[in-house]
Amino acid sequence: MKDFIFIIGPSGVGKSTLAKGLFAHYQGALAEMNMVPEFGIPKEVDPGVFEEKVCWECCVAQLKKFHELGIRHIISGDFDDLRTRDIPAVFKGYQFITLKLICSDEAELRQRMENRGEGLIDFKLQRKMTEKINARPLLLNEVLLDTAGKSEEKVLEEAIGLIEQTESLVDYTYEMPEKELFYSWVKSNHLN
């Protein structure tokens, strides 16, 4: 049993779909960073940096509260890839796994983005994000799941297998990797 299941990866790779499938399977909790209620942003701060910080810290507090209340298989994602490097530090002592989703087929990923129906897509930025996230080495308790050429059901099946078969390290020494290894939407939007 995992305390926490984190799902990360570039846009269009299937994170939200997988999160919903895992929630239906495990019936734990699902809390994504974008679920934070509306809040005002002080005029004297950088809005992008402030918003990301507030959302991250609220999400962490919510996740830990779920755990404190006895809920397990708490699923979370939809946060800046740079925050992925914080997971082993913030969740040390817990049974957690991070599923790093990639799509090794660039044409398939582009097609997924085009089919989302969410308006204009910056494919140049998506390619940059995908390359950076794919190239980054795996962190503690992080496993890779390639979604290319797989149905939603097959990705869910493989994810459950990884979650059930991967033993989580709980007690470890962690040296936080350099920021430059991670993609950051805050930086990509020139907000940091």
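1. Helix 6 buries Val155, Ala159, Ile160, Gly161 and Ile163; buried here means under 20% relative accessible area, exposed over 50% and partly exposed in between, with a 1.4 Å probe and protein chains only. The cover over these buried residues includes strand 1 (4-8), helix 1 (15-26), strand 4 (96-102) and strand 5 (142-146). Helices (H or I, at least four residues) and strands (E, at least two) are DSSP runs, numbered from the N terminus.

2. Before going on, keep in mind that this is a predicted model, where local features need pLDDT of at least 70 and side-chain atom pairs count only at pLDDT 80 or more, while totals for chains, interfaces and linings use all residues. Residues are numbered from 1 along each chain as its sequence is written, and side-chain values use heavy atoms, with hydrogens and water left out.

3. Glu152 sits in helix 6 (residues 152-165) and is exposed, at 55% relative accessible area.

4. Because they are three residues apart in the helix, about one helical turn separates them. Salt bridges with shared partners tie Lys150, Lys154, Glu157 and Glu158 into one network. Lys154 is partly exposed, at 34% relative accessibility.

5. The whole structure has 13 salt bridges. One of them joins the side chains of Arg127 and Glu106 (2.1 Å, N to O), linking distant parts of the chain, with Arg127 in helix 5 and Glu106 in helix 4, 21 residues apart. Arg127 is partly exposed at 43% relative accessible area, and Glu106 is partly exposed at 46%.

6. Another salt bridge has Glu142 and Arg136 as partners, with the closest N and O atoms 2.9 Å apart. Both Glu142 and Arg136 are buried.

7. Those two residues turn up again around Thr84, which lies in the loop between strand 3 (74-77) and helix 3 (87-90). Is Thr84 buried or exposed? Thr84 is buried, with a relative accessible area of 1%. Leaving aside neighbours within four places in sequence, Thr84 is in contact (heavy atoms within 4.5 Å) with Ile8, Phe79, Thr98, Arg136, Leu139, Glu142 and Phe182.

8. The largest pocket holds about 1,200 Å³ of space. It is lined by 49 residues, with Ser11, Gly12, Lys15, Asp78 and Arg116 nearest its centre. Elements giving two or more residues to the lining include helix 2 (47-68), helix 5 (123-135) and helix 6, and helix 1 gives the most, with six. By class, the lining has 19 nonpolar, 15 polar and 15 charged residues.10. On the terms in point 9: the search runs on a 1 Å grid over the protein atoms alone, and a pocket is an open set of points where a 1.4 Å probe fits, with protein on both sides within 12 Å along at least five of seven lines; lining residues have an atom within 4 Å of a point. Grid points are joined across faces, edges and corners, and the volume is the space filled by probe spheres set on the points. Ala, Val, Leu, Ile, Met, Phe, Trp, Tyr, Cys and Pro count as nonpolar, Asp, Glu, Lys and Arg as charged, and the others, Gly among them, as polar.

Key
A salt bridge is a side-chain nitrogen of Lys or Arg within 4 Å of a carboxyl oxygen of Asp or Glu.
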